[in-house]
Amino acid sequence: MVMWSLQNLMITLYVALSCVRSAAGLIHASGYEGGEGKVVCPYGEGYESYEKYLCKNECSNDDVLITTTSAKKNRYSISDDKHSRVFTATISDLSLVDAGKYWCGVTRTGKDFYTEVKLEVGQDNCCDKSTKIQSYEGSSGSISCPYVSSKYQDNLKYICRGNKPSTCQETAIITSDNKQNGQFRLADDKALGKFTVTITSLMLNNSGSYLCGVRVNSGLDIFSAFELEVKEWCCVKSNKMSSIVGHPAAIQCPYPPQHRDNRKFLCKGDHRNNCTDMVTHQSRFTLQDDVSSSSFLVLITELKVGDAGTYWCGSDSQWTVANYTRIQLSVVFPQQTSTVISTIPAVEPVESQSTQIPGKQSKDAALFKPVVAIVPALLLTLTFALVMVYKYKCFKVRAAGANIKENKTMATITEEVIAGADFYENQGVAYSKQRTSKQQSACQLYDDAEQDSVYQNFTTTDDIYCNQVYANRR
C-alpha cells in the first residue's frame, strides 16, 4: 500500500514537471504596423540540436506558426544561433491584430519546454500632437526632447527626420552615443529629464518633421514629434526701387530703435554673408542717420549702370534676424526726346525751321496753317458787309432823287437826305449830315458801272470807291 502511494506520487510529480513552462522570465517583443516584429528566444545548454518553434494561444499543432525544420512559412521566418543558444522568430508585415501573447517552444521527449512572449504592435506614425518650431535661415534652432522618467536616463537617445517610428533609430541623424554630427549637436540633461538637439547655420532644407526617440529595452520606444520651419532670412523685409543713370538716388533703411547707437552700413552682394560695404568702399555713397525716425539714408551721386544689384541695409554686425532690409536696385537709361521749335512771322507765314520727319508735320506748323487761312476770309467777309450797307444807302439816295423830279421841291429833297443820314447814324454807322453833289456823283458812278456790262467785273472796286468817299466825308 505504501509502495503504491509512492508510485502515484512520482507519476503526479513527473506529469506536473513536464507541464511546467519556463520560469526564465517573460520575453518582450515589439514592432510597428507594416514592419517586422522579432521574437528572441534563449534556451538552455544541451538543447542545441533540438527543434525550436514559435506558437500562439495553447500551442496545439494548429497553433504552431514556424519551426526550425522549415525556416520560412508565409509571413514567418526563424533562425537558430546554436553558439549563443538563441533562436529568433520574425513576423513580417505586422498588423495591429498581431499583438498579443506567444510562446517560444523547444521540442523534447514528453512535454515541450516553453517561454512566454508578449508582442506589442504600434502604429507607424507619430504623433497625435506635434510641437512647431520656427527659425530663420542662417540662425540656430533647438529641439528639446523630454523623456520624463528617470529610468530612461542611461538609455539611448536619438533624433531622426520624418514621422516613421519603425525606421527612426536606423536612420538617426545623431544619437547620445555620437553627440556631434555636422550642424547637429546633442546634449543630454539627465537632471531635467530631457535631451536637446541644436541645429546650427540653418538652411531652408532643414525644414520638415523630426522625431525624438528614447530606446526602451522592453517594448516600443518613446517618441515625441516636432515640425521645424526655417524661414528665408531675406523675406523679413524686401523692397524694390529704380533710378536713372547719371541721376542721384537715395536708399532708405529702417532699423530697430535699440540699434540707434550701432554702426549702420549698406552692403552690396547677392547674399548678406558675402557683400561689400559700399559706404566704406565708394565715395559716391554717403550715409546720413536720422535717429528720430529710426532710419538712415544712403545717398548715391551720379548713378552708374554697375550700381544695379542687391543691397543689404544693416545696423548690427551679427546680422540678427529681422533687423535688415534687402533692396533690389535697377538702373535705367533716360528716355531720348527731341524738341520741335516753330515760329510764326509777323508779316507772312513761312515754313518751320525745325527738322521734320518725312510724311509728318510739326504741331506748330499744323496750327499755323488754319490761322493763315482764316484771317483773309474774315477780312473779305467784313469788306462785303460794308459794301452791302453802302449799296443800300446809295439805293435810298437814288429813290429820293426820282421822287424830287415828280413831287418834291429842293427843300424836301434836302430834308429826306438828312433824314436818311440820321437813320444810318442811328444804326451805328457815323455819317456826315451834310451831303454834297460830289457824294451823289460817286453814287451815280456806281449806277453807271452797274448798268454797263463792260465794267461788271469791277463792281467790288466801285463799291470800295464809294466807301472811300464815305471815309473822306467823315
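**Strands and backbone**

Author: Please keep in mind that this is a predicted model.

Reader: In which sense do β3 and β4 pair, and over how many bridges?

Author: Strand β3, made of residues 52-56, pairs with β4 in the antiparallel sense, over 3 bridges.

Reader: What is the order of the strands in the open sheet?

Author: The open sheet has 5 strands in the order β1-β9-β8-β3-β4, and their pairing is mixed. Its edge strands are β1 (27-32) and β4 (64-67), each of which pairs on one side only. On average, neighbouring strands of this sheet are turned by 25 degrees against each other, direction ignored.

Reader: What should I look for in the backbone?

Author: Most peptide bonds are trans, and most residues other than glycine have a negative phi. Against that background, the bond joining Cys-126 and Cys-127 is a cis peptide bond, with omega at about 5 degrees. Cys-127 lies in the loop between β9 (113-122) and β10 (130-136).

Reader: What is the phi of Arg-85, and where is Arg-85 found?

Author: Arg-85 has a positive phi, near 55 degrees, although this residue is not glycine. Arg-85 is found in the loop between β6 (76-81) and β7 (86-91).

Reader: Why does Arg-85 count as partly exposed?

Author: Partly exposed covers the range between under 20% (buried) and over 50% (exposed). Arg-85 counts as partly exposed because its relative accessibility is 30%.

Reader: Where does Ser-201 lie?

Author: Ser-201 lies in the loop between β16 (194-199) and β17 (208-214). The phi of Ser-201 is positive, near 50 degrees, and Ser-201 counts as partly exposed because its relative accessibility is 48%.

Definitions and conventions:
Residues are numbered from 1 along each chain as its sequence is written. This is a predicted model: local features need pLDDT of at least 70, side-chain atom pairs count only at pLDDT 80 or more; totals for chains, interfaces and linings use all residues. Side-chain values use heavy atoms; hydrogens and water are left out. Two strands pair if DSSP finds at least two bridges between them. Helices (H or I, at least four residues) and strands (E, at least two) are DSSP runs, numbered from the N terminus. Axes are lines fitted to C-alpha atoms, for helices over the stretch in contact, and angles run from 0 to 180 degrees between N-to-C directions. Buried means under 20% relative accessible area, exposed over 50%, partly exposed in between (1.4 Å probe, protein chains only).
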